[in-house]
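Hi everyone, thanks for making time. Let me put the model up, and then I'll walk you through a few things in it.

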Amino acid sequence: MKDYKLENRRYVIGGLAIVIVVVYIIRLFTLQLLSDDYKKNADSNAFLKKVEYPSRGVIYDRNGKLLVYNQPAYDIMVVMNEERGHLDTLEFCDALGITKEYFIKRMADIKDRNKNPGYSRFTQQLFMAQLSDEEFSVFREKMFRFPGFYVQKRSIRQYQYPYAAHILGDVAEVSPSNIEEDDYYQLGDYIGKQGVEKSYEKQLRGEKGVQILLRDARGRIQGSYQNGSLDCKPVAGKDLTLSIDIKLQALGERLLEGKIGSIVAIEPSTGEVLCMVSSPSYDPRLLVGRQRGKNHKALSHNVWKPLLNRSIMGQYPPGSTFKTSQALTYMSEGILTPGTMFPCHRGFYHRGLHVGCHGHSSPIAMVDAISTSCNAYFCWGLYYMIGNRKKYKSSFEAMNIWRDYMVSMGFGYKLGIDLPGEKRGLIPNATFYDKAYRGSWNGLTVISISIGQGEVNLTPLQIANLGATIANRGYYYTPHVVRKVQGEPLDTTFTSRHYTKASRRAYDYVVAGMRSSVIKGTCRSANRPDYEICGKTGTAQNRGHDHSVFMGFAPKDDPKIAIAVYVENGGWGADYGVPIGALMMEQYINGRLSAESETKAAVFQKKRIGYGSSSR
């Protein structure tokens, strides 16, 4: 009788044998054909692939003055597969001036794939970065005793001047997130962290090269593989020419010493930023080399926030500089004409609401209202616009049309400057006020926005851009700090005109008002015989001392520079904003300051408000 149990057992055993054979075949196939572990191991014994880093692009100012360049430095690299078990740790630490504890921790960090996602024991890994010539010379004498360790020649950034830190930015070692976002980078590489170093990183960094070296059985370098025919040369990064005038930048930083605030100057005909001062600032050379981390920590913990670029990140009430935008809106919408006159008896009075003003003639028309900075005039203008039922169906519609004018002038949204971190400011609309007042509001409720107070916030860049727009009589270019990238055309984003909703005729009257302000109004101290300045002061209310603001441009009919000055707690616009703005315009237009102006500049440089001072 046939034993079926034995027959079935034969099939089971045979099947298991087949499965085991198939598993072995798949594993061998994977190891030999799909996995590159053995290939890496073999290659690592025969070849050393040495990365050659490109020279980072240098940076110049608009006049060709060198601002940022490169200087040599040395990185110590390690191949773990070669180092293992062959190193005299104490001698190695002594050669580099480090402790054994640091060595152990650093080697552990390199092997930690969470901290070093690109780790491989067959390839070079960064052990220590940015050794100076002096430090490297000590190590080089003993390097033959340290198998698995190599030297990678690099370059680090150096700065010609102690100015423009917020514009230039800095370069630092890549973070794990940088490596995840872009496979160009590996642990130990450097990347732009702020300023143009960050926004133009891909242009500045260049392309890495690779040198393939041949090794013998003992791991000693025998020379280039195939005479270097397979090597890939690095491609240098592209140079940048900035729109910044470093002399103007230096003067601005001098004038804001000991003060908190910003100066932004723009060339109206191009949108090029001529200077961008944020105070307090810092010397960009502090964030270079192995002391970078320590210095950056100290700056980040400084109570006055020197790392903050107030020019594009500070959001302030624009004060009376904003009245120019209101005049443009009221005239373009037909709410009033240049001849329309409003009373001002020390301010705006209506239905129990009072907005104060300083003394001047009354009633007053448009040009003189800008010249004397009359609060009442612009309050009446907004009141009649929001409440105009012949032109608008509701306050909601009127408010949104007002908002549209403001947005067209570059407010309420980022202008799009080629620097990281720009803020948008705030321009309220009807929905904003519906939420804030539960649908119960009118022109009187929001009257303070007509004089640049209340909910309105702008950046100093936006205020300077307002000056450039008025100088151009109705359009602006997106502000930018890079004038030229080597071998590339300027991005069309920066060459296109942005027209506002206001009429050309309205701009002509606003220009007349700003010129009158310099001749006989609140900007009288800026008047000069050699060129015509147009200006508008601002005194922005604050919980403490008021902020001093100035916005203007010059010359009147052929504008070369538009400028905004914002000094926190500086008082009246005429106290700090106007004289600082006038000095900056003189420096740019004439190329230097007169002896008398140099004396004025020295006086303002010594004045302290806020940080660096025990009192106002």
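So, the chain has 22 helices and 20 strands; helices are DSSP runs of H or I with at least four residues, strands are runs of E with at least two, and both are numbered from the N terminus. Before going on: this is a predicted model, where local features need pLDDT of at least 70, side-chain atom pairs count only at pLDDT 80 or more, and totals for chains, interfaces and linings use all residues. Residues are numbered from 1 along each chain as its sequence is written, and side-chain values use heavy atoms, with hydrogens and water left out.

Now the overall shape. The C-alpha trace spans about 120 × 85 × 45 Å along its principal axes. The radius of gyration is 33 Å, while a compact globule of 616 residues would be near 25 Å (taken over C-alpha atoms, the globule rule being 2.2 Å times the number of residues to the power 0.38).

Next, the largest pocket. Which residues lie nearest its centre? They're Ala129, Gln130, Ala172, Glu173 and Tyr190, out of 38 lining residues. A pocket here is an open set of points on a 1 Å grid over the protein atoms alone, where a 1.4 Å probe fits, with protein on both sides within 12 Å along at least five of seven lines; lining residues have an atom within 4 Å of a point. Its space comes to about 850 Å³, a volume filled by probe spheres set on points joined across faces, edges and corners. Strand 5 (149–159) gives the most to the lining, seven residues. Helix 5 (100–111) and helix 12 (292–300) are among the other elements supplying at least two each.

On to charges. Side chains of opposite charge can pair when their charged atoms come close. The whole structure has 28 salt bridges, meaning a side-chain nitrogen of Lys or Arg within 4 Å of a carboxyl oxygen of Asp or Glu. One of interest joins Asp94 and Lys142, at 3.9 Å from N to O. That pair links distant parts of the chain, 48 residues apart: Asp94 sits in helix 4 (residues 89–96), and Lys142 in the loop between helix 6 (133–140) and strand 5.

Last, some backbone details. Most residues other than glycine have a negative phi, and most peptide bonds are trans. Here, the bond from Ser279 to Pro280 is cis, with omega near 0 degrees, and Pro280 is in the loop between strand 12 (272–279) and helix 12. Ala554 to Pro555 is cis too, with omega near -15 degrees. And Ser373 has a positive phi, near 60 degrees, in the loop between helix 15 (366–372) and helix 16 (375–386).
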